[in-house]
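Q: Please walk me through how to read local features in a protein model, one feature at a time.

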Amino acid sequence: MKFWWITDPTRLEHEKAAVEALVAEVSWFTLSTWKIDGGRLSMEGDLVAHDHIYPVRLLYPDRFPWVPAWVVPQDPDAKWSNHQYGAGGTLCLELRPDNWDPNATGADVLQSAYNLLDQENPLGKGEKQTVPSAHFVSDIQRYDWKRHPILISKSCYARFQAGVHDDVSAIRWSAEDDVWPIMVTDSADKARTEHPASFDLGTLRVTVKVLVTKNAAPKEVDGTREEFADAIGVSLEGIDTEEGVVFVCGTDELAAFHSPKDHGVYPRKWIVLNSAFGERSGHGDVLSAKTVGIVGVGSVGSKLAETLLRSGIRNFVLADGDVFLPENLERHVLDWRDVGFRKVHAMKRRLLQIYNGADVLVVDSNLNWQLSASYQATIIDYFSDCDLLIDASGDEATSRFLGALADFNKTPFMTAKVFEGGFGCLIARAVPEIDANYSDGYGAYVAFCNDQDKVPPSTGHRPYEAISEEGAPVVADDAAVTIASGHAARVAIDILDPEVSLGPNAWLLVGLRKEWVFDGYGHNWQLNVGGPTKAADGLKPYLELTEFQKELLEGITGETNDTP
């Protein structure tokens with residue numbers, strides 16, 4: 001309610017009466033004036049505590065009474081209390097945003113201000129007192145207060161205390177919010193797979209040297225870097241004047257300082273990190289040894305790969321020949337830093353930024369391009385060795401090819417498609433010994449469409465697009481793509497987790513609005529497309545080798561002249 005003092009005259013009269021009643025009742029407050037201050041209703045007066053006069057201003061916010069009023073000094077430079085947000089700032093009172101009641105009045109806020117100044121007595125006669133904080137401020141809320149943070153693992157901090165560290169360095173992030181976080185690590189931390197890459201100019205992350213000493217830090221930090229180094233007994237030999245340095249001092253209670261250049265040293269505060277990496281995925285180590293192959297890292301494939309990595313998958317084979325261009329920004333996990341690069345190479349960089357220990361093999365080619373036969377065979381070998389093969393190309397011909405490859409290798413397979421216009425999506429699974437292969441499953445899907453008297457929708461002339469009657473592309477938005485990739489990730493993880501029992505409905509149709517076979521958003525069809533596909537008659541394994549097979553095996557040399 002903007003300008004509540006105009007739109008709600010009843011509450012305005014109630015506030016005026018409450019303040020005037022307070023003035024009539026107490027001797028410690030004198031009302032000077034009501035006025036409009038920057039569009040806000042305000043009231044000025046003098047608050048007296050221990051014979052000292054505090055000229056105060058009570059300010060009402062635009063959304064009063066749903067947001068509390070507050071009290072500030074009339075002097076913008078006045079700093080009265082330890083419970084004040086800086087010079088001229090708001091007093092932190094008993095009535096605050098975390099416990100405000102809309103039935104409270106400005107008079108109640110004034111009473112709270114008097115209680116604080118009377119008890120603390122910062123400027124009046126008599127004894128001064130400490131007023132304890134009445135509300136909880138979390139570590140996250142205090143994260144960047146007063147001192148910039150230095151992050152360090154709990155185990156690394158302990159190694160510093162014990163003096164058993166080596167190969168110590170730091171990484172500094174350069175950001176626009178004036179926090180400039182730094183992370184300090186040693187060799188043990190660097191050996192962990194979740195350790196960040198040490199240098200990346202693309203994300204403004206640079207390495208910083210660290211100097212460690214058991215000597216205590218000086219009580220006063222002032223002067224140049226060289227003066228500080230002399231005070232703690234460390235050498236700056238080999239460090240350039242423009243190069244950043246982190247100093248770690250002490251033993252039991254470590255002190256941290258950052259010197260971005262040689263003319264100053266600034267104290268920092270530690271943020272000691274508990275290592276809980278991998279615990280939140282809910283799968284432990286069961287997925288870390290699995291390898292997932294994804295063909296197509298466009299909008300669906302990119303989101304799918306990132307979700308799988310964050311869920312515990314550590315090994316990937318990614319194939320896509322496309323280049324990331326500005327038109328892809330609307331629906332992709334990549335951003336302007338990746339424009340102009342092949343999508344697979346940019347995706348590899350992104351995945352390694354999230355988990356530096358991931359193993360990401362990339363193929364910057366489409367499977368249907370004109371390639372050398374030997375290179376094509378090599379690509380197929382990469383995907384044949386995967387524990388799960390995923391088609392995210394949006395191309396039915398590619399889906400059929402990969403489905404047949406997976407069926408031949410007895411590899412679990414799935415595909416994820418967004419329908420043209422983004423009104424729904426399809427997630428199909430083909431797990432050996434459980435589901436029909438993709439070809440048979442697709443036949444059952446077509447039969448379902450016929451039963452509904454509907455034609456199976458396509459993914460458009462380009463992946464995830466449709467061409468309208470005017471010839472303009474009708475694009476599935478990012479919401480549709482994200483839902484499709486999320487469903488696909490859920491199915492993929494369930495396939496790879498042996499603790500999960502897969503149900504019989506291997507094909508899932510998810511509706512995002514009322515269209516085709518869907519009644520509206522959230523309407524879905526779970527299709528049972530049949531059980532495991534039986535091998536054709538006459539295709540059975542040979543238990544004995546023929547003479548020709550034996551001759552071939554005897555001639556194996558392990559050498560080849562083929563090159564990609």
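Q: Where is the place of Ser-365?
A: First, the basis: this is a predicted model, in which local features need pLDDT of at least 70 and side-chain atom pairs count only at pLDDT 80 or more, while totals for chains, interfaces and linings use all residues. Residues are numbered from 1 along each chain as its sequence is written, and side-chain values use heavy atoms, with hydrogens and water left out. Helices (H or I, at least four residues) and strands (E, at least two) are DSSP runs, numbered from the N terminus. Ser-365 sits in the loop between β14 (359-363) and α9 (373-384).

Q: Is Ser-365 buried or exposed?
A: Buried means under 20% relative accessible area, exposed over 50%, and partly exposed in between (1.4 Å probe, protein chains only). Ser-365 has a relative accessible area of 3%, so Ser-365 is buried.

Q: Which residues does Ser-365 touch?
A: Contact means heavy atoms within 4.5 Å. Not counting residues up to four places away in sequence, Ser-365 touches Ala-319, Asp-320, Gly-321, Leu-371 and Tyr-375.

Q: In which strand is Leu-508 found, and with what is Leu-508 in contact?
A: Leu-508 belongs to strand β20 (residues 507-511). With a relative accessible area of 18%, Leu-508 is buried. Neighbours within four places in sequence aside, the contacts of Leu-508 are Cys-425, Leu-426, Ile-427, His-487, Asn-524, Trp-525 and Gln-526.

Q: Where is Pro-122 found, and what does Pro-122 touch?
A: Pro-122 is in the loop between α3 (106-120) and β5 (149-153). Its relative accessible area is 21%, so Pro-122 counts as partly exposed. Tyr-54, Trp-80, Leu-117 and Lys-128 are touched by Pro-122, when residues up to four places away in sequence are not counted. Ala-49 is 73 residues apart from Pro-122 along the chain, and their C-alpha atoms are separated by 9.4 Å.

Q: How many salt bridges does a search of the whole structure find?
A: A salt bridge is a side-chain nitrogen of Lys or Arg within 4 Å of a carboxyl oxygen of Asp or Glu. The search finds 22 salt bridges. One example is Glu-44 with Arg-57, where the closest N and O atoms are 2.8 Å apart.

Q: Why does the pair of Glu-44 and Arg-57 tie together parts of the chain?
A: Glu-44 lies in strand β2 (residues 40-49) and Arg-57 in strand β3 (residues 52-59), so the pair ties together parts that are 13 residues apart in sequence. Both Glu-44 and Arg-57 are buried.

Q: Which other residues form a salt bridge?
A: Among them are Glu-242 and Lys-261, whose side chains meet at 3.5 Å, N to O. This pair links distant parts of the chain: Glu-242 is in the loop between α6 (225-232) and β9 (245-249), and Lys-261 is in the loop between β10 (255-259) and β11 (266-273), 19 residues apart. Lys-261 has 37% relative accessibility and so counts as partly exposed. Arg-429 and Asp-435 form another salt bridge, with the closest N and O atoms 2.6 Å apart. Arg-429 and Asp-435 are both buried.

Q: Which residues do salt bridges that share partners join into one network?
A: Lys-35, Asp-37, Glu-44 and Arg-57 are joined in this way.

Q: Where is the place of Glu-220, and is Glu-220 buried or exposed?
A: Glu-220 is in the loop between β8 (205-213) and α6. Its relative accessibility is 70%, so Glu-220 counts as exposed.
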